Amino acid sequence: MYEQLRSQLDTHEVTLVAVSKTKPPSAIQELYDQGQRIFGENRVQEVVEKYDVLPKDIQWHVIGQLQKNKVKYIAPFISCIQSVDSLALAKVIQKEAIKNDRKINILLQIKIAKEDSKTGYNYDELINDIQELTALDHIIISGVMGIGTFTSDEATTKQEFDNLKKYFDHLKSEFFSGNDDFTEISMGMSGDYLTAIEYGSTMVRIGSLLFGRRG
């Protein structure tokens with residue numbers, strides 16, 4: 001499945017984030033041996049434990065809600081924090097990046113689903129914060145991320161993905177014009193990644209298709 005999926009995504013120039021949350025290091029090593037280098041985790045403790053025992057050229061992405069007091073544990077090595085949903089969190093990442101003498105890639109998570117369980121920036125609030133966000137010099141804002149509603153209604157999914165693409169385009173034209181770093185739209189998972197690609201996704205987060213359903 002991995003080779004087939006990679007071939008499909010490479011055709012569209014879409015980056016694969018293999019969502020390895022709850023999976024053991026051995027399962028990650030198996031995909032690593034096939035060439036996968038980008039893995040996504042929800043929990044800080046889990047990603048730290050896996051970082052310690054797995055190859056150091058893995059690019060770890062945090063894709064779950066991140067508590068500010070946990071940033072210090074991942075700041076030395078994290079490749080990308082996809083779930084930045086507030087200026088307060090971004091400022092903590094900036095502080096920890098300075099301590100570690102590095103710049104940390106982030107994505108701005110925008111709330112596109114109507115479900116209360118889904119988090120993310122309200123777009124109007126993001127626009128209010130954008131000048132302060134772009135002033136943080138140890139953060140590289142690489143794009144946006146969104147999580148669609150868990151639904152079988154394809155029309156809802158398409159609308160939410162279309163909204164995220166429009167948000168990205170507006171941010172790009174108004175605030176990141178000429179910025180070569182602001183390129184990513186992370187949307188789409190195992191059940192809807194093809195629709196996400198249709199609506200402009202550059203990065204998909206795939207778990208169950210690669211690792212099987214979680215128990």
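Predicted model: local features only at pLDDT ≥ 70, side-chain atom pairs only at ≥ 80, totals over all residues.

Student: At roughly what angle do the axes of helix 6 and helix 7 cross?

Tutor: Helices (H or I, at least four residues) and strands (E, at least two) are DSSP runs numbered from the N terminus. Axes are lines fitted to C-alpha atoms, for helices over the stretch in contact, and angles run from 0 to 180 degrees between N-to-C directions. Helix 6 covers residues 123-134 and helix 7 covers residues 154-175; their axes come within 12 Å and cross at roughly 20°.

Student: Is helix 6 roughly parallel or roughly antiparallel to helix 7?

Tutor: The axes cross at roughly 20°. Angles under 35 degrees count as roughly parallel, over 145 as roughly antiparallel, 65 to 115 as roughly perpendicular and the rest as oblique. Helix 6 is therefore, relative to helix 7, roughly parallel.

Student: How many nonpolar, polar and charged residues does the contact of helix 6 with helix 7 have?

Tutor: With contact meaning heavy atoms within 4.5 Å, helix 6 contributes Y123, L126, I127, I130 and Q131, and helix 7 contributes Y167, H170, L171 and F175. Ala, Val, Leu, Ile, Met, Phe, Trp, Tyr, Cys and Pro count as nonpolar, Asp, Glu, Lys and Arg as charged, and the others, Gly among them, as polar. By class, the residues are seven nonpolar, two polar and no charged.

Student: How do the residues of the contact of helix 5 with helix 6 divide?

Tutor: The axes of helix 5 (residues 87-99) and helix 6 come within 10 Å and cross at roughly 10°, which means that helix 5 is roughly parallel to helix 6. L87, A90 and K91 of helix 5 meet D129, E132 and L133 of helix 6. The division is three nonpolar, no polar and three charged.

Student: How many salt bridges does the count come to?

Tutor: Side chains of opposite charge can pair when their charged atoms come close. A salt bridge is a side-chain nitrogen of Lys or Arg within 4 Å of a carboxyl oxygen of Asp or Glu. By this rule the count is 11.

Student: How many residues apart in helix 3 are E46 and K50?

Tutor: The side chains of E46 and K50 meet in a salt bridge at 2.8 Å, N to O. About one helical turn separates them, because in helix 3 (residues 44-53) their spacing is four residues.

Student: Is K50 buried or exposed?

Tutor: Buried means under 20% relative accessible area, exposed over 50%, and partly exposed in between (1.4 Å probe, protein chains only). K50 has a relative accessible area of 4%, so K50 is buried.

Student: Which residues are linked with E46 and K50 in a network of salt bridges?

Tutor: E46 and K50 form a salt bridge with each other. The network also includes E41 and R43.

Student: What is the relative accessible area of E154, the salt-bridge partner of K158?

Tutor: K158 and E154 meet in a salt bridge at 3.6 Å, N to O, and they are four residues apart in helix 7. K158 counts as partly exposed at 25%. E154 is also partly exposed, and its relative accessible area is 46%.

Student: Where is D101 found?

Tutor: D101 has a positive phi of about 50° although it is not a glycine. It is exposed, with a relative accessible area of 69%. D101 is found in the loop between helix 5 and strand 5 (104-109).

Student: What is the phi of T22, roughly?

Tutor: T22 lies in the loop between strand 1 (15-19) and helix 2 (25-33), and it is exposed at 53% relative accessible area. T22 is not a glycine, yet its phi is positive, at about 70°.

Technical notes:
Residues numbered from 1 in each chain as written. Heavy atoms only, no water.
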